[in-house]
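I opened the notebook to go through charged pairs and surface patches. The entries follow the order in which I looked things up.

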Amino acid sequence: MAKLAGLLQDRGEHDGKQLLHRGKTEELFSIEGTLDQGPANALKYGDPRYKMGFHYAPVRASEDAGTVWLPFMKGYVGNNFVLAPNGMTAIRISNAWPAPDEAADAVQEPTSMIETMNKLRPFNE
């Protein structure tokens, strides 16, 4: 998973060779053409979006910053894979089934991972 993340962060290039379509990998980091998933799927900072097998989480890097959209993949019960604009990637592998009722939303929600990456290396720098 980490190698795939690096390949996506490098826009499909590895060792000077373009392995994945550059335009499509660049498109992955844009919300253009995404579908709004609506308030039923709301995350901490707003409604997520979706395209090309990725969900997009809105986040505010700081109080005065605009919204940044991070592509993420989510799997069964809390497995998440998040790509950040600062080149970082967060991967959570979970064995949280059945999740206690009070934790059910937290294991699906990628926001805590996103906030941690932003604290380590702010998105707006």
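Is Arg-22 buried, partly exposed or exposed? I noted Arg-22 as partly exposed, because its relative accessibility is 36%. The classes I used are buried for under 20% relative accessible area, exposed for over 50% and partly exposed in between, with a 1.4 Å probe and protein chains only.

Source notes. I am working with a predicted model, in which local features need pLDDT of at least 70, side-chain atom pairs count only at pLDDT 80 or more, and totals for chains, interfaces and linings use all residues. Residues are numbered from 1 along each chain as its sequence is written, and side-chain values use heavy atoms, with hydrogens and water left out.

Salt bridges. Side chains of opposite charge can pair when their charged atoms come close. I took a salt bridge as a side-chain nitrogen of Lys or Arg within 4 Å of a carboxyl oxygen of Asp or Glu. The structure holds five of them.

I looked up Arg-22 again and found Glu-13 as a partner, with 3.9 Å between the closest N and O atoms. Glu-13 is partly exposed, since its relative accessible area is 33%. I also recorded that a network of salt bridges links Glu-13, Arg-22 and Glu-26.

Next I checked Lys-24, which forms a salt bridge with Glu-27 at 3.6 Å, N to O. Both residues lie in helix H2 (residues 22–28), three residues apart, about one turn of the helix. Helices here are DSSP runs of H or I with at least four residues, strands are runs of E with at least two, and both are numbered from the N terminus. Lys-24 is partly exposed at 45% relative accessibility, and Glu-27 is partly exposed at 31%.

I then turned to Lys-44 and Glu-115, whose side chains meet in a salt bridge of 2.9 Å, N to O. This pair links distant parts of the chain, 71 residues apart: Lys-44 is in the loop between strand S3 (35–36) and strand S4 (49–51), and Glu-115 is in helix H4 (residues 111–120). I listed Lys-44 as exposed because its relative accessible area is 55%. Glu-115 is partly exposed, at 23%.

Surface patch. Which residues make the nonpolar surface patch of about 310 Å²? I found Met-1, Ile-91 and Ile-93. Patch residues have over 30% relative accessible area and no salt bridge; like charges are joined within 9 Å and nonpolar side chains (Val, Leu, Ile, Met, Phe, Trp, Tyr) within 5 Å. Accessible areas come from the Shrake-Rupley method with a 1.4 Å probe, and for residues only the protein chains shown count as cover. I placed Ile-91 in strand S8 (residues 89–92). Ile-91 is partly exposed, with a relative accessible area of 34%.
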